[in-house]
Amino acid sequence: MSKSLDVCLTPALIPLYNVPDYIVVVIDIFRATSSISYGIENGAEAIIPVAEVEECAAYREKGVDYLLAAERNGEVVDGFDFGNSPFSYTKDKVAGKTIVLTTTNGTHALHLSRSAKKVVIGSFFNLTALCNWLKTQQQNILLVCSGWKNNFNLEDSLFAGAVVEQLKSEGFKLDDPAIAANDLYQLGKNDIGQYLSKTSHGERLKKLGIEKDIEFCLQIDLTTAIPVLEGERLVKLVK
């Protein structure tokens, strides 16, 4: 069976793909999928992604000790425990906890990908672990870039190119966006931080004074956990 390795450059394009045919990797480098990867690695029991702030707030009424995380436009929404900075997802804060998370882009892309054979989370943190696992799956793979408010963005597409780089010799048929993403990765790979310093999302985060988050999210292979969607919850994939 010939396998496809396709890249969806923004969530707005998801309807063009037959999602149930794929394992989907959701990518939101600045910062949702980086924080999810970090949180699961640091012992969070589960992360429940929800699309809307109201849905997140509704978990308060459930009488269970959830941590509520809500981010819009790069900032923590008032009244919530934290947003999607990876520094909020350290062991001492999240170990053994269930977090309910809503973000501007990442959770939106995740919800649109739910019909896939499997949905996993990709970030620079778990790049090699993720690629090694994908190589064993013998399935079509769709890399979904969360972008910014349904627009294309550089950082997610460059990460998709980094995944293509590790998988392209594994017998996959690449679509044009996968080839383009890989070309982008070739341009930036020698200094990813420098290359991505010009991104519009990076500029937005700098204006909010969170350059440290950007730098942190670009660390490669900091973790080995692969978050996978099981029902409503992202949990650690048992390999």
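Arg-204 lies in helix 9; helices here are DSSP runs of H or I with at least four residues, numbered from the N terminus. This is a predicted model, where local features need pLDDT of at least 70, side-chain atom pairs count only at pLDDT 80 or more, and totals for chains, interfaces and linings use all residues. Residues are numbered from 1 along each chain as its sequence is written, and side-chain values use heavy atoms, with hydrogens and water left out.

Arg-204 has a relative accessible area of 25%, so it counts as partly exposed, between buried (under 20%) and exposed (over 50%), using a 1.4 Å probe and protein chains only.

Which residues of helix 9 are buried? In this helix, residues 200-207, they are His-201, Gly-202 and Leu-205. Seen down the helix axis they fall within an arc of 100°, so they line one face; the arc is taken from the directions from the axis to the C-beta atoms. They pack against helix 6 (154-167) and helix 10 (211-217), with contact meaning heavy atoms within 4.5 Å. After helix 9 comes Gly-209, with a positive phi near 75°.

Now the cavity. The lining of the largest cavity includes His-201, Leu-205 and Gly-74. A cavity is a set of points on a 1 Å grid, over the protein atoms alone, where a 1.4 Å probe fits but cannot get out, and lining residues have an atom within 4 Å of a point.

Terms used:
1 Å grid on protein atoms, 1.4 Å probe; cavity = no way out; pocket = protein on both sides within 12 Å on 5 of 7 lines; lining within 4 Å. Helix = DSSP H or I, 4+ residues; strand = E, 2+ residues; numbered from the N terminus.
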